[in-house]
Every structure is written in structure tokens, then in C-alpha cells.
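Here is a brief report on helix packing and nonpolar cores. Please keep the structure in view while reading.

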Amino acid sequence: MNYRIALLKGDGIGPEITESAVAVLERIGARFGHHFQFTPYMIGGCAIDAQGEPLPAQTVRGCLESDSVLLGAVGGPKWDDLPGEKRPEKALLGIRSALGLYTNLRPAKLFPALRGASPLRAETVAAGFDLLIVRELTGGIYFGDRGYRTGKYGEEAYDTEAYSVTEIERIGHAAFRAAMQRQKRLVSVDKANVLETSRLWRKTMHRLAESYPEVEYGDLFVDNAAMQLVRNPGQFDVIVTSNMFGDILSDEASQLTGSIGMLASASLGSTTRGMYEPIHGSAPDIAGKDLANPIATVLSAAMMLRYSFGLSAEADCIEQAVNRVLERGIRTADLTGDTGIEPVSCSAMTAAILSEI
Ligand code: IPM
Ligand code: MG
């Protein structure tokens, strides 16, 4: 089969980590007889520099014409002082929205070899954890009405959160379906004791729960959920939540796995075209130094094979290769902690993964 992949390398470590994922996909293609065709497009700061805008129309078109999209990361200090509408991050929100990718899957799983790298106590992670955060991705406060106005204390800024029943239903169904494929347990996270959007969210989720009687369903307030994640992450199977809460909780969950450099993500809509990206940022401090951990991007490529192309044996092959490399004690700098292990470079980690495929 021939698959067309739009490649959005972005900024900072984006080019290094996407190069790793491309190498891994090419190796998979050679082994399993697929052809992956990569077409690069600009996004974020590099697009601002080259074309004057963070999300050029050509990039959106290129993605729409592709079978799937692989993205590195965007942003950096060079573009931090630009107004909100012109920032690289705006492109990320823009492309998710333009492609209709309202479901964001962020799995946080503890690789047994990395148990010692988790900041949680050994007894808390002794049984491991394997949870999936389903984050609503194209609505809520990140997309709401915003601006400046004069308030009680003079100039003020505001952002607003809005969720329609339709938006809640579609992310809810995605989460219940994900739970049905896993351990059939779903927790919806909101702030229904304070926010009106959360009350609508909760009411809608409860209605959906009636259509999934096999799924054990519960609600948590977001502050409690943040606490439960560090107290006992093993209690969770699938968590569904809004755009902002999911953004925050997924960073928290990632660190429990040892490093944010481990967490992949899949962004999906109502077609098989998805966008796959690590949940971490562009790490400008280590960009271009061959120090980045490529695993989150490599695992994102595995998610692409699984969710967009239905190639689960190939996705398993990548995940098992990563697992074996970690079992061999190979670590990038973000994962060494106080182990005394000599860290390897991004390219050496990639070579190690390739050697296991
Ligand atoms: C993420 C990132 C983005 C987000 C930023 C860079 C806009 O934090 O993918 O989690 O908030 O979605
Ligand atoms: Mg984030």
C-alpha cells in the first residue's frame, strides 16, 4: 500500500524528532511492504520566518490532500513576543481545527523498564499504569471569544469557555468507544461544582453513559483528578475531559511515565485522516544538539499506523522495539535521572530502535 503523509517538522527539536519517526516508518515500510511518501510543509515559527504566517494556506491544503499528518513541535523564544494571533501555537490550534480533529488520544503508560524514572514512589507504581486521556481538541476556552476591555480595575483581558451539546456528545462517544476497546472504565473530568460548561458536560456524559451499559462510568472534579493521578494512577483506564483540562492533566500524566518525552498523541476527527504528534513542545534549549528523546514522536508514528491506516501488527512492532530498547537500558538524557546511565543522543536512540525492527 502507498500512504501519503504530510510532514510538519516545525521548530526547535521538531526536525530531529520527526526525522527519527520517518526513519522508523521507512524501516517498517521495508519490512512489511508498504510505501510511505512524505511531503514536508511549514508550520509555526519557521513558517512565520519563511512565509510571514504560522499556518500558510498551502500547509492546510497539503494536509487535507494527505492520508495522514505527522507533526514535530512548534514555537520558540524567537516568536514569543508576537501577538496571540500570530504566534506559532496559533498554527497548532488552527491546523487541528481546519482538519476537524476534535478527539485527542493521549496514552500514558509506564514502561516496566522506566519504573525507576517515575517521580512516584516505587510502591505507588509497583503495579504499573496504563491510562488514556481523551482530550476534546477543537472547542472550549482555547477557541472561545477573547479580548481586552475595561473592567472594574481598568484594563483587563478575558477568555471564554463554551461547549455545545454536539461537541460534548462527539467527544463523549469517542471516549466511550475507546473504553469499550480497553478495560471498559471511563472517568469524565470536569469542574461542575463551579462551571456552567462543566454542568452541561456532565449532564451530557450521563445521558451517553446509558447507551454504554458495559462501561463503568464515573465523574471527578479536575482538582481531585489531578491529585488522584499522583496518588494512584493505576486506578484509571480512560479519562475524558475538556480541551484545557486535558492539556494540563496530560502533561501531569506524562511525567508519571518518567518523562514528557515519552508521550505520543493521536488527533482524530470523523475521517481516517489524523494528526500525530508528541505532546511535548519544541524544547528550544536543546534544539539542534541531538539530545532530544525521539520516543514520543516514534510512538506517535505507531499510533498513525494503528488509527489511520489500520496497520496494528506494524504499530505493535514499533511499540515492542521501543520497549526492548528501554529494556536494554538505553536512555536519552531526559530519562537517566540518578541512574548513572550514560545518556545517548537522539540519533543513537533512533538507531537502537531501528535495530529492533
Ligand atoms: C499541547 C500543547 C498545545 C496545546 C500548545 C502548544 C498550543 O500544549 O499539544 O498539549 O495546548 O494543545
Ligand atoms: Mg500541552
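In this predicted model, Val24, Ile28, Arg31 and Phe32 of helix α1 touch Ala313, Glu314, Cys317 and Ile318 of helix α11. Six residues of this contact are nonpolar, two are charged and none is polar. The crossing of α1 past α11 is right-handed.

Helices α6 and α7 form another packed pair. From α6, the contact takes in Val165, Ile168, Glu169, Ile171, Gly172, His173 and Phe176. From α7 come Leu200, Trp201, Thr204, Met205, Arg207, Leu208 and Ala209. Nine of the contact residues are nonpolar, three polar and two charged. Here too the crossing is right-handed, with α6 passing α7.

The geometry of both pairs is set out below.

| Helix pair | Residues | Angle | Axis distance |
|---|---|---|---|
| α1 and α11 | 14-32 and 312-327 | roughly 130 degrees | within 11 Å |
| α6 and α7 | 165-181 and 196-209 | about 50 degrees | 9 Å |

How do these angles classify?

Now the cores. The largest nonpolar core holds 61 residues. Phe36, Leu305 and Ile353 have the most contacts inside it. Helix α10 (residues 295-307) supplies the largest share of this core, eight residues.

What does Phe36 contact beyond its neighbours within four places in sequence? The partners are Tyr3, Ile5, Leu25, Ile28, Gly29, Leu305, Phe309 and Leu311. Ile28 also belongs to the α1 side of the contact with α11.

A second, separate core has 21 residues, including Leu120, Ile133, Leu256 and Ile279.

Definitions and conventions. Residues numbered from 1 in each chain as written. Chains lettered and ligands numbered in written order. Predicted model: local features only at pLDDT ≥ 70, side-chain atom pairs only at ≥ 80, totals over all residues. Heavy atoms only, no water. Axes fitted to C-alpha atoms, helices over the stretch in contact; angles between N-to-C directions. Helix = DSSP H or I, 4+ residues; strand = E, 2+ residues; numbered from the N terminus. Left-handed = near helix turned anticlockwise from the far one by under 90°. Contact = heavy atoms within 4.5 Å. Nonpolar A, V, L, I, M, F, W, Y, C, P; charged D, E, K, R; others polar. Core = buried A, V, L, I, M, F, W, Y, C linked by side-chain atoms within 4.5 Å. Buried < 20%, exposed > 50% of the residue type's maximum accessible area, 1.4 Å probe, protein only.
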